[in-house]
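Work through these exercises with the sequence and the model in view. Try each task before you read its solution.

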Amino acid sequence: MDMCKRNYFCLWIFSILISVDISGGYTITEGDSSSRSCSAVQFLTFSNARYFEGSCIWDATSALNTNCNYVSSCTIQATNSWLGHDPCVGAHKDLVWQESCTDIWTSWSSWTCPTTCTSQTLTRTRTCNRPAGCSGSSSESSDCLSVGCPRHGEWGTWDTWNSCSVTCGGGTKTRSRECDNPSPHNGGNTCGYPGPYTDTETVNCNTLDCFICGSRDYVHSISTTSSTNTAQRQIVLIEDASLRLTCCGVIKTWTFHAGRAGEINFQVWRKDGTTYTLLGKNSYTVPAGATGITHTYQVPEFDRITTQSGDLIGWFCPVDPVVSFSSGNLDYPDNIRVGTLAAGVTMYEGSTFSWTSVGYTNDISYAIKVSTADSGSPYFVNMGLTSTVYDNTMIGSRVYAVSVWDADKRETITISPTTAVTHLNYNNGYIVTESDLSLGTYSLSLRATDSCQNSIEATGTIEVVNTPPVITNLPDSYLLHEDAKDRVRLFTIRAFDRQSDFIICVKSSTSPSNAPFEVQVIQGTSDYGIFSLPNPNFSFDTVKQYKISVSCSDATGGSDSGDFFVNIQKNSPPVIKNLPADVILDVSTIHSGDVVFTVVTHDEENDTLTFTLSPSNAPFQILNYGDIQVTRDLAEVFQAGYDLSITVADPRTTIPARVLAVHLQNVNDVPLFGNLPISGTWNVPENSPLGITLYKVAVNDLDLGSTLQYDVGFNPTTGSSYFTINETNGEVMTSSTILDYETVPSKQYKLIITATDGKDTSTATMTVSIADENEQCSFHQNQYSVTADEGSAGGLFSDAGFVILDEDAGSSHTYKLSCGVESWRFSINTNSGRVSYFYSYDLDTEKTSSYNCKVTATDSGSLSCTTSLVINILDINDNTPTFDLSEVPVYITPYETTGTVLVNVTATDADISSYGDVTYRLDMSSYNFEYFDVTSDGALFVNKELTDFVIGDTLDLNLSAVDIGGKQGTVKIRIVFYELNTTTTSTTEKPVEFIASSWNTLWLTCMSVLLGIMGVLSIYFFFTYTPESMKGLLTTTVRKKRLQTLQKKKIKGTKETSNTDITEVSQNNAIEEVIHNSKHCLQSTRDKEPNPASTHPFPKNYEEDLPKSVEVDVWK
């Protein structure tokens, strides 16, 4: 070291080392200071501190950290005293250091959230870094929600079920719930996460069949031809099984045919063993003149009888039997009890009757029908509300009145709880307590079920609250003069609390608002009083009464309230001293401007008084100081007197009116109606003649010599078109428009009739009703038509669509059909007008497809109308084409030319329409080619060369006849190929005998011979007996077919004949040829054995050069 001091080089090296060591730090010279600081949450830490001069170095790190003591700010001093050491005495030193800021506390540890956060308390920690210690806590706690832990949602309780989607037949109802118990928070999962999210629930409801009762009818017949018997007090019970009620519902209508007028009590009975109980009855009266028709009694809803399956219907007629009946038919119901109710015996609802003592009547049908409807559901009137009771309510107390209503008033309704609830139960119309009540809310669900098992549920809620204090002396009132000015205690409030809680009373409201009153503690007591404020400015005219609402509450929140009324006393009103009074005036002496009376008044305050007089239309007025003056001459007044109401008022008060009765003498008398108004209505038949007198108004007028004039008004005003009144004699008459019940704007008119004597007028009213009359009907069309296929009895024709025009609304009609002598063929439904066959009809036999008939419609009043009806009958395809023969033989050679017609075959079809038209088809499907075909009219012809066939071949073909409807008949066509047996001049070959090996063709051959002989004889007779002038007209052409090319190749040495080679043959030659062939045929029939050398049924040889046609003139 000493060497370094003497060696500047060493000092330079050392200074470099020092400078490197303190790089990045802070430096101050001896005697200086430096303030250092960090943030408030950090402390200073020093390192690499050096206090030196030259090579004299002292480590000051510990001194800096100790002196500053790890604080947030500190002043560093480069002095020996502050550092506590002087390493280089007498030298000028420098202090060099490095520093850093360190957090006093470490960061808080993370909050550890629980799986499900509700309200759990969490704790986190931190560590103190400062060596000198830290202020504050190293741990802290908080609830999990406050620190952001997620809370998962949980389902709340289900809401009540909503209404069913349908009332019957099977529907659904739903209920819902919210995700709020608790709701999700801080990003927690929703209810049901990850699924399913079920916030609604659905169940089936109202599964009962909708046709529980509906509009079912229970009836055997409604006959208009029935009769009635003469028994008095008749009783009837129908026990036939087919007519018993089969559903649970109510009686909607009773429909019956009335044979007699009178009262009838319809009944419903329930049978239990041999006991019959009357469930209910409906009364109805058939008025006189309403017999012989069907009545329908629509039972009002409030009077409908509730029924169940198996109930019986019956009735009781207090006088004559009313319901018509028929008897003696085995198809009519049995087990009908018909008897007589003894005099003095009464059947009332709920009573029993010994029906077993009444014998059965069988085979009888009463003209009565019962219609039922579904039973309505009961309904809770007041459920769904909340009833509040106190916690000191006694066990067994009624806390909620339950009321149920059902439109079917005769039904029995059963009420029961749906589930058991603590503290509450249902008993005889009330929800009652079963145990001591605790504060809270309780609900009890009840189900109401009627006799038909229709039910409804509802919930009543009971809220149990603290027993509040009670104000014992309110309401009350106080009379306070309107002139009061001072603060006055008007009332002392008496409040009592069973638990002796401290009570506070306040003014809760006033009416009107801001009323000048207050509620305060009465000085020196614990009671509260109601006080008026000073200078309240009361005014009786503005506010006559004030209401102060007071509320007193205890420490637990219970309260009671009451009202205190302050009535304001008015100042003294004026007084009328000479009213009421009467005054008599002679109208002939009193004139306009005359004072007829003076009202005498008195007022304590001598206020200025104001007078009023009413009615305003009276011919009087009141002046200042009470003078009553006439405003016009009383001779012009026709009223017998007036009651004048007089009022007097000072600036604050108007006293009640007083009456001055003014009686007028010598006043004109008012005309008086003698026969108006009339009770009820005056009925006028529709279509009454115009100008006919309907009513004569009678009017009395005590003034002798008075002439009366009449006028009439109408309500509605359209009555002026139908009615009028004679202005001079008061006759009410029909006017210029016919009264048509169906078209008049109103069926009833009020006539306001006035009668005047020129001075006074009287008014009276009468009501005129237009009565409906039966009117002639008419058909909408003059002619209708119906159509049907020919068919069997009972077959319906198309609907004619009859439209009947009948001005009588709701009129029904019956139909009758007439077709003259043909009426027996058809029938018509009397109600619907539908036409049908009475007997089976075959158009192919009858041949007539249209009938002209007449249809008559008759209404219930026996008026009728007619129209024409054309009955059209259509042919149907009901016949199949038929042939006369089942098989047709055809004999040809293999050399027939194409197009040659072989035979005409016809079929017949009995259908007279186009269905009888047939076409023909030939079945050649079994052959490679269509050698034959048939024309549309049944001509069988050669369609292709027959070179594929040889002599002796036989073909069986099916020929079909098909009609338009597709029906077909079939005949077999047997085609036989044979060879013509003849000779020619160009060959010497001996003719072969007609082969006889086929016995099946002998008869045909013989027939051919006989036909030939007949032909010869015919020629002979024509030649012998026909006149010469006719000989030239009768010629015949015998055509022979040309042989085909294939036949020419088969017969060698023959000569082809051209189409123009025609040889004329004489008559004798032709006859000889026919005779020759006939002999050959007969010779063949004599051969008993077939020729074994022959392989064909017919000769093979043909004359090749036969001409194509031969003309024979038999007359030459």
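Predicted model: local features only at pLDDT ≥ 70, side-chain atom pairs only at ≥ 80, totals over all residues.

**Exercise 1.** Decide whether cysteine 179 is buried or exposed. Then find its disulfide partner and the handedness of the link.

*Solution.* 
Step 1. Cysteine 179 has a relative accessible area of 14%, so this residue is buried. Buried means under 20% relative accessible area, exposed means over 50%, and partly exposed lies in between (1.4 Å probe, protein chains only).
Step 2. The sulfur atom of cysteine 179 is 2.0 Å from that of cysteine 191, and the two form a disulfide. The cut-off for a disulfide is a pair of cysteine sulfur atoms within 2.5 Å.
Step 3. The torsion about this S-S bond is about 90°, so the disulfide is right-handed.
Step 4. Both cysteine 179 and cysteine 191 lie in the loop between strand 9 and strand 10 (200–205), so the pair ties together parts that are 12 residues apart in sequence. Strands (E, at least two residues) and helices (H or I, at least four) are DSSP runs, numbered from the N terminus.

Residues are numbered from 1 along each chain as its sequence is written, and side-chain values use heavy atoms, with hydrogens and water left out.

**Exercise 2.** How many disulfides does a search of the whole structure find? Describe the one at cysteine 68.

*Solution.* 
Step 1. The search finds 10 disulfides.
Step 2. Cysteine 68 is joined to cysteine 74, with S to S at 2.0 Å. The torsion about the bond is about -75°, so this disulfide is left-handed.
Step 3. Cysteine 68 is buried at 3% relative accessibility. Cysteine 74 is buried at 12%.
Step 4. Now look at helix 3 (residues 61–68), which holds asparagine 65. Asparagine 65 is buried at 10% relative accessibility. Leaving aside neighbours within four places in sequence, asparagine 65 is in contact (heavy atoms within 4.5 Å) with Thr45, Phe46 and Tyr70.

**Exercise 3.** In what order do the four strands of the open sheet lie, and which are the edge strands?

*Solution.* 
Step 1. The order is 35-42-41-38, with mixed pairing. Two strands pair if DSSP finds at least two bridges between them.
Step 2. Strand 35 (476–481) and strand 38 (504–511) are the edge strands, each pairing on one side only.
Step 3. Strand 38 pairs with strand 41 (residues 545–553) in the antiparallel sense over seven bridges. Serine 511 stands opposite lysine 547 in strand 41.
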